[in-house]
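Q: Hi! Could you walk me through this model while I have it open on my screen?

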Amino acid sequence: MVYSLAASTLTVAAPLGCDAPLAEGAEQRAQGARGASDVVVRGTDGEMLVLEVTEANKVVVRLPRVEVGQGITTAVAMMIAEELDARLADVRIPLADARSQGNQYTGGSNSVSSLYGPARNLAATARARLVTAAARRWGLPARTLRTWNTMVVAPDGRTATYGSLTASAAGIRRPAVSSKPKPASRHRVIGRPATRIDARDIVTGKAKYTGDLSVAGAKPTVVARPPTIGGKVVSVDSRVARAMPGVLKVVKVDTGVAVVADSFHHAFKARDALRITWAPGPLARLSDAAIRARLRAAVPALGAPPRGSAQVEAEFEFAFVGHAPMEVLTTVADVRADRAELWFSSQTPMDARDSIASAVGLPASKVKVHVLRGGGSFGRRLNYDFAIEAALISKAARRPVKVMWSRTDDIRHGRMRPASHHRIRASHARGRVVAFAHATASVSESYDGLSAQGAAAPLPSDSGLYNFGRISGDSGSVELAMPLGAWRSVDSGTTRTAEEIVVDEIARSLGKDPVAFRRTTLRSKSVKAVLDKVTTAGNWGRALPDGRAQGVAVHEEYGSCVACLVEIDATDPKRPRVTKVVMAADVGTAVNPRGLQAQLMGTAIDGISTVLRAGLHIDRGAVREGSFADFRYARQQDAPLHFEAHILPSRREPGGAGELGVPAAAGAVANAYARATGTRPRRFPINF
């Protein structure tokens, strides 16, 4: 359903994730709001997507999702441009502030799929009203008019911009032409590769992140943090720091000691001059070896295998991994006695607002959260502990602050993908797998810090992807006081990686080629199709020198599927280099194939990083790594020399894509390394 809103310009709204009619009285309230161009009519789920055509001939949709580099603003702009026959350059997609009702969750690779229907319906409705307004102006049958480049065009060549029609279109309730979205066969924007609408702004520095904001009175602020996770301040001598140039305030908060100054240079200098006695955190006696031992012990037993079967068994360890977005965590906070206003990038702004309100002792209605674009996230901005911290500092300092975490803060005190241990057993008889069991244990969160959110143990086996007979799985957990959080692809990034390694080992045990074995055991035709695409495009099975090899893996999730083929040079096993990556995906309708290719490229880098080099060590309660110098995420020199991504055509509704490629990429890298070195890698990252 799409609703017209009473406004001085054409403004229409569609509910998200809800097909229910308007709440009683909502339509009447909207019609009584004459002259307001920003009226939001809410359905029973409380959330609406609202489109406005302005007199300046711009189409504006305020997006209840956050842009963190995944390209959602471009995808939504393409949906709107398609149905409105508008120029992409005329579509504006600003980010919505935290709302009081509804759902503004960005995650789970569901943004495109959840917005695809509402956005297209919204734009199609607006187009029908604009055409009807032009028909009335010109005295022509509406069916004789066409739309093009943000204009209505008459048969005789006359044109009217949408902006010139917006006021009259606002009063139309029954358009004279269909307001249904176009069939896919008529798409001219959706499905065509497009450059990001914000690309020029990003590369020229025009795009604004939280660190670029200049909010009146907000002063640069940094925090001295404990040497161990969860450590606390016992005492602080701040006399030297307070006397330093540019220092405005030093305040103690639960997470450490904050320094407010005239510049970040002054703030960092003063922070380093603080003399703090710290109480060690709760993990001060714990290091990696002990954590791994606890995880291993927490894995549930697999039970007895089927009689008469042979076994392929393996155990895997996955290290903690930091999110490490390129833009460090930054928040501008202005907390007063009676209200609060904050600016930061958030995947969960409504939850953030409510938690911030509780932390500073204000009603949620008195807290305003402005959502800004983020320079990366990978799940980190689902949590908002950094924003709560900024709000508490502002309240304690009694002034607006701009709190920036350093890279070391982010790696040593940010959230992490939990470490996990996996035990897998595949039972085969007479040339086929008759049972597959996968038990896991993960570190789960009992951390009592700011905005603590539980990290679930990995899901049981997903090997229903294959015809593997009886599938079973169970999970255990180890509770540690650690700040954990969802990391890109969440549980699939480890569970499916481990399973794809075992699939290769089953094939080897049965004397079969890994691709041929997958083709005969995969259940889904779509998964077989993407596998066939990468093996053909990547020339699977071609001869390679000693120390080099290919690897493949597949994954299915979010209503989509993907395959990855990797070539690796492991002539020096301590310094392996992925030289080639070929990926293929079926995600249903790919709104922007170029954006999807970029997403897949990112997942390839994730797979290369977490399988080969990038992880976090816990050393006596502290994260050992502190920068990209030792948290060894892939750099340009580690990127594949050749990358290609193939998007399979589909008329299905869009599935998810953002996290889809990580398990396949990681599994393919691990399998290529195993074949190149003749080893069976069990601990990741391999060179850790």
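Q: What stands opposite Ala 426 in β22?
A: Phe 436 does. One caution before we go on: this is a predicted model, where local features need pLDDT of at least 70 and side-chain atom pairs count only at pLDDT 80 or more, while totals for chains, interfaces and linings use all residues. Residues are numbered from 1 along each chain as its sequence is written, and side-chain values use heavy atoms, with hydrogens and water left out.

Q: Thanks. How many bridges are there between β21 and β22?
A: Ten, and strand β21 (residues 420-429) pairs with β22 in the antiparallel sense. Strands here are DSSP runs of E with at least two residues, helices are runs of H or I with at least four, and both are numbered from the N terminus. Two strands pair if DSSP finds at least two bridges between them.

Q: And what do β21 and β22 form?
A: A hairpin, with two residues between the strands. In the turn, Arg 430 has a positive phi of about 50°.

Q: Which strand do eleven bridges join to β22?
A: That is β23 (residues 470-480), and β22 and β23 run parallel. Phe 436 turns up again here, opposite Ile 471 in β23.

Q: Is β22 buried or exposed?
A: Of the 14 residues of β22 (residues 432-445), 13 are buried, so the strand is largely enclosed by the rest of the structure. Buried means under 20% relative accessible area, exposed means over 50%, and partly exposed is in between, using a 1.4 Å probe and protein chains only.

Q: Let's switch to helices. How far apart are the end C-alpha atoms of α9?
A: They are 16 Å apart. That agrees with the 16 Å that the twelve residues of α9 (residues 349-360) should span at 1.5 Å a residue. The expected span is 1.5 Å times one less than the number of residues.

Q: Which residues of α9 are buried?
A: Pro 349, Met 350, Ala 352, Arg 353, Ile 356, Ala 357 and Val 360. They cover an arc of only 160° around the axis, which puts them on the same side of α9. The arc is that of the directions from the helix axis to the C-beta atoms.

Q: Why would residues three or four places apart point the same way?
A: An α-helix has 3.6 residues a turn, so residues with that spacing point the same way.

Q: Nice. What covers the buried residues of α9?
A: The cover includes β16 (330-335), β17 (340-344), β18 (367-371) and α10 (385-397). Contact means heavy atoms within 4.5 Å. Just after α9, Gly 361 takes a positive phi of about 75°.

Q: How many residues of α10 are buried?
A: Ten of its 13 residues, so to speak a mostly covered helix. Among them are Phe 386, Ile 388, Glu 389 and Ile 393. From its first C-alpha to its last, α10 reaches 18 Å, close to the 18 Å expected at 1.5 Å a residue. Just after α10, Arg 398 takes a positive phi of about 60°.

Q: Next topic: in what order do β6, β7 and β8 form their sheet?
A: The order is β6-β7-β8, in an open sheet with antiparallel pairing. β6 (146-148) and β8 (159-161) are the edge strands, each pairing on one side only. From one strand to the next, the twist averages 30°.

Q: What stands opposite Thr 159 in β8?
A: Val 153. Three bridges join β7 (residues 151-153) to β8.

Q: Which helix lies across β6, β7 and β8?
A: Helix α3 (residues 111-138), which runs at about 50° to β7. Axes are lines fitted to C-alpha atoms, for helices over the stretch in contact, and angles run from 0 to 180 degrees between N-to-C directions.

Q: One more spot. Where does Gly 256 lie?
A: In strand β12 (residues 256-261). Gly 256 is buried, with a relative accessible area of 1%. Not counting residues up to four places away in sequence, Gly 256 touches Val 223, Ala 224, Val 233, Val 251 and Trp 278.

Q: And the whole chain: how many helices and strands are there?
A: The chain has 16 helices and 30 strands, and 58% of its 688 residues count as buried.
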